[in-house]
Amino acid sequence: MTKDGKYAVVFLSVDRTVVRYDLGRPVVSPDGKYLYVPMTRAGSVLVLDAATDQPVGKPISACDGPAYIALNADGSRGYVSCSSGDAIAIVDTQKAVRIGDPVKVTRDPLGSALTADGKQLWIAHGFGHAVSVLDTTTNTIDGAPIDFPKNRAMVGISIR
């Protein structure tokens, strides 16, 4: 990791190359065992063992420009904000696979947060100046986006 936390530099022993990955905002699993790191340019989520900092399996293919990830209460599902693809990718963290195609949303999905019951994912749309709600039981957008003033970007959201 670079000191500023923006990049991961990885040596690939198979072909003896060094690769630099742009990183989104990492998140720790609810049990504290894993760190999920969105790799922006690679289009995937890197899973690290929190105790050893070593990768766990291959990165999970997600979408164009993964930037943020929200995990459900037991950590079995990840909701990846795909800022370049204007979508939310849903990943099964136990099987390390994406579930179906990413769900299209309005422009620039960034931060997101799950409701306490895990039935809704609220998505902040950065420069889209809106919030959308994803129904996690159907994996569809619930209604029209909720608009906000256009004088500031929304890069995060929190539900209490």
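Author: Contact means heavy atoms within 4.5 Å. This is a predicted model, in which local features need pLDDT of at least 70, side-chain atom pairs count only at pLDDT 80 or more, and totals for chains, interfaces and linings use all residues. Residues are numbered from 1 along each chain as its sequence is written, and side-chain values use heavy atoms, with hydrogens and water left out.

Reader: Which residues does Val 80 touch?

Author: Leaving aside residues up to four places away in sequence, Val 80 touches Val 45, Ala 62, Cys 63, Pro 66, Tyr 68, Ile 69, Ala 87, Ile 88, Ala 89 and Val 91.

Reader: What makes Cys 63 and Cys 82 a disulfide?

Author: A disulfide is a pair of cysteine sulfur atoms within 2.5 Å. The sulfur atoms of Cys 63 and Cys 82 are 2.0 Å apart, so the pair is a disulfide. The count by this rule is one.

Reader: Why is the link of Cys 63 and Cys 82 called left-handed?

Author: The angle about its S-S bond is -90°, and the link is left-handed.

Reader: Where do Cys 63 and Cys 82 stand, buried or exposed?

Author: Both Cys 63 and Cys 82 are buried, that is, under 20% relative accessible area, where exposed is over 50% and partly exposed lies in between (1.4 Å probe, protein chains only).

Reader: What is in the largest nonpolar core?

Author: A nonpolar core is a set of buried Ala, Val, Leu, Ile, Met, Phe, Trp, Tyr and Cys residues joined through side-chain atoms within 4.5 Å. The largest has 13 residues, including Tyr 36, Val 45 and Cys 63.
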